[in-house]
Amino acid sequence: MFDVLIGAILGARPDVGSDLWPLWGGFALMCPAVALFAATLQRLRGPIGTLAAVVITVLFGTAAIPPA
């Protein structure tokens, strides 16, 4: 999701050094989204929610498209 948003819609590419500001905006939105997701799972499941948040974020948060 964030790969499509940041890459295709905002036109920012992580391998190009001149596109810092569009990437910064995307990452500034991504951090609270992941934090709220983790906090929700922790509230619903307790300590197991922490592990679930880490596993889900790591497995599904990686870029699906390899860099060219």
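This note covers the fold, the surface and two residues of the structure above.

1. The model is predicted: local features need pLDDT of at least 70, side-chain atom pairs count only at pLDDT 80 or more, and totals for chains, interfaces and linings use all residues. Residues are numbered from 1 along each chain as its sequence is written, and side-chain values use heavy atoms, leaving out hydrogens and water.

2. The chain has 3 helices and 0 strands, in the order α-α-α along the sequence. Helices (H or I, at least four residues) and strands (E, at least two) are DSSP runs numbered from the N terminus.

3. Of the 68 residues, 15% count as buried (under 20% relative accessible area; exposed is over 50%, partly exposed in between; 1.4 Å probe, protein chains only). The accessible surface of the chain is about 5400 Å², and carbon and sulfur atoms account for 75% of that; the areas come from the Shrake-Rupley method.

4. F37, L51, V55, I56, L59 and F60 make a nonpolar surface patch of about 600 Å². Patch residues have over 30% relative accessible area and no salt bridge, with nonpolar side chains joined within 5 Å; a salt bridge is a Lys or Arg side-chain nitrogen within 4 Å of an Asp or Glu carboxyl oxygen. Helix 3 (residues 47-60) gives the largest share, 5 residues. V55 lies in helix 3 and is partly exposed, at 40% relative accessible area.

5. Q42 sits in helix 2 (residues 20-45) and is partly exposed, at 36%. Leaving aside residues up to four places away in sequence, Q42 touches G49 and T50 (heavy atoms within 4.5 Å). From Q42 to A52 the C-alpha to C-alpha distance is 8.6 Å, at 10 residues apart in sequence.

How values were computed: Patch = residues over 30% accessible without salt bridge, like charges linked within 9 Å, V, L, I, M, F, W, Y side chains within 5 Å. Areas by Shrake-Rupley, 256 points an atom, 1.4 Å probe, with all protein chains shown as cover.
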